[in-house]
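Colleague: I would like to learn how to read a few features of a protein model. Please take them one at a time.

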Amino acid sequence: MRVEDLVLASADDHIVEPADMYAKHLSPEHLSLAPRYVQENDLGGYWFWEHEGKKSYNVGLNAVVGRPREEYGFEPTGLDQMRRGTYDVHARIDDMDVSGLLCSLNYPTMTGFDGAYFWDAKDKPNALRVLRAYNDWHVDEWCGAYPGRLIPNGLVPAWDSADTVAEIKRLVAKGCRSITFPANPASKGLPSIHDESWEPVWKICNDERVIINIHIGTGVTPAHASALSPITAWMHTMPMALSVDASDWLHNRALLRYPDLKIAMPEGGIGWIPYFLERGDFVFSHQGAWARADFGGKLPSQVFREHFLVCFIDDRFGCKNLDDIGVETVMYEADYPHSDCTWPDTASELWRGLKDLPDATIDKITHENFFREFQIDPFPMLGGRENCTVGALQAKARARGVSTAVESFGGQDARGFGDPSKPVTSQDVWATHRNSKGVAPIEHSPEAMAE
């Protein structure tokens, strides 16, 4: 196989929502009660979404694709400070083609990766109405614009399990079999995943084969040593923070009752998983008797491989140890437009870690596992595999003249943060781009952890 022959499906990308996203999905009366995208000059021109007095800002590292890396910072909040593909669906397809990416499952930004922005709303009927309108925009407009390319991923009203079940049924009827869900509901003031109130949710997801996606940052907060620690030290270990939530889900006995219940873990990486599984089996064998651990007559590692899906951006160690992870569980993720994404070199960067693997294994982790679990088959819709490869998509992008030129977008050079003789710390970043009270940054920002 050559890099041009790859077929790439991403299990984790992100949308920066356009300002008019609710316009076609709410009545004029209800539109006045929906979140608004506004600018506050008192905060240095920050743009934010506002609902019931609560503000949600797009933090810059969420959407720095195409910028000079020296300008990766936390200040871009307005759409004019971002590459168009972050918020325009047609430009997104251009950016997917130029990087050779066929399919993309997208997570929200303004609502939080799990929709938590709406959970503490005062007017719950309106919050449910707005959440459903978001899903309608996401499924019908964003994903509906390019069937087979953009794969829907719905929000759920997790503050009420009955409403959650009803919304999952509605999403399934619309062709969506994927939801984003808090990695640790208890950390968000909701019942623990071990609480029986979630039983109807587990059942509907099992029966309809709806994937539960637990994105990093929606559960246990990634540990941050101190405000003076280099911010790269925090980013270094961030993916492994998902291991705590993964263990909690692995010990959820609903997995024993529902054989088709699947949990996907975006932005967690895979290189740490062999030890995670080894440790789980060891603890079970040594501590399981007195702790009344129950994995249905199986080892924890076996249950993990049956129920979990794991994702990686760049993980050459993990790709060398697929037998210890479970090749059927592994999927690729591009993470566009976050600061970890490798766009526009998505295919060539990925190929470095795949080129020595058997072709059948490469196909599994680049697209076949994704197609199977999310129940899609884009090839017939798009004219066959030959039209879906990295080479074919990149040829189309070249024919359209899609530019990959690095653009500043007026960003601040991060080399000016703090003391230029020392590493940039979280304190430097948040002192430079200080938000006022009421700001709700993305889930895993240092400021969010300090509140």
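Modeller: We can begin with burial in helix H16, where Val390, Ala392, Leu393 and Ala397 are buried. Buried means under 20% relative accessible area, exposed over 50%, partly exposed in between (1.4 Å probe, protein chains only). Helices (H or I, at least four residues) and strands (E, at least two) are DSSP runs, numbered from the N terminus. This is a predicted model, in which local features need pLDDT of at least 70 and side-chain atom pairs count only at pLDDT 80 or more, while totals for chains, interfaces and linings use all residues. Residues are numbered from 1 along each chain as its sequence is written, and side-chain values use heavy atoms, with hydrogens and water left out.

Colleague: What covers the buried residues of H16?

Modeller: The cover includes strand E1 (8-14), H2, strand E5 (101-107) and helix H13 (346-354). Just after H16, Gly401 has a positive phi of about 70°.

Colleague: At what angle do the axes of H2 and H16 cross?

Modeller: Axes are lines fitted to C-alpha atoms, for helices over the stretch in contact, and angles run from 0 to 180 degrees between N-to-C directions. Here H2 (residues 89-99) and H16 (residues 390-400) have axes that come within 6 Å and cross at roughly 125°. That makes H2 oblique to H16; angles under 35 degrees count as roughly parallel, over 145 as roughly antiparallel, 65 to 115 as roughly perpendicular and the rest as oblique.

Colleague: Which residues make the contact?

Modeller: Contact means heavy atoms within 4.5 Å. H2 contributes Ile93, Asp94, Asp97, Val98 and Ser99, and H16 contributes Leu393, Gln394, Ala397 and Arg400.

Colleague: How many aromatic pairs does a search of the whole structure find?

Modeller: A pair of aromatic rings is described by the distance of the centres and the angle of the planes. The search finds 19 aromatic pairs. Rings of Phe, Tyr and Trp (its six-membered ring) pair if their centres lie within 6.5 Å; planes under 30 degrees apart count as stacked, over 60 as edge-to-face and the rest as tilted. One of the pairs is Tyr37 with Trp49, tilted, at 5.2 Å centre to centre and 40° between the planes. Tyr37 is in strand E2 (residues 36-40) and Trp49 in strand E3 (residues 46-51), 12 residues apart. Both are buried.

Colleague: Why is the pair of Trp202 and Trp249 edge-to-face?

Modeller: Their planes are at 65°, with the ring centres 5.4 Å apart, so the pair is edge-to-face. Trp202 and Trp249 are buried, and together with Phe181 and Trp198 they form one aromatic cluster.
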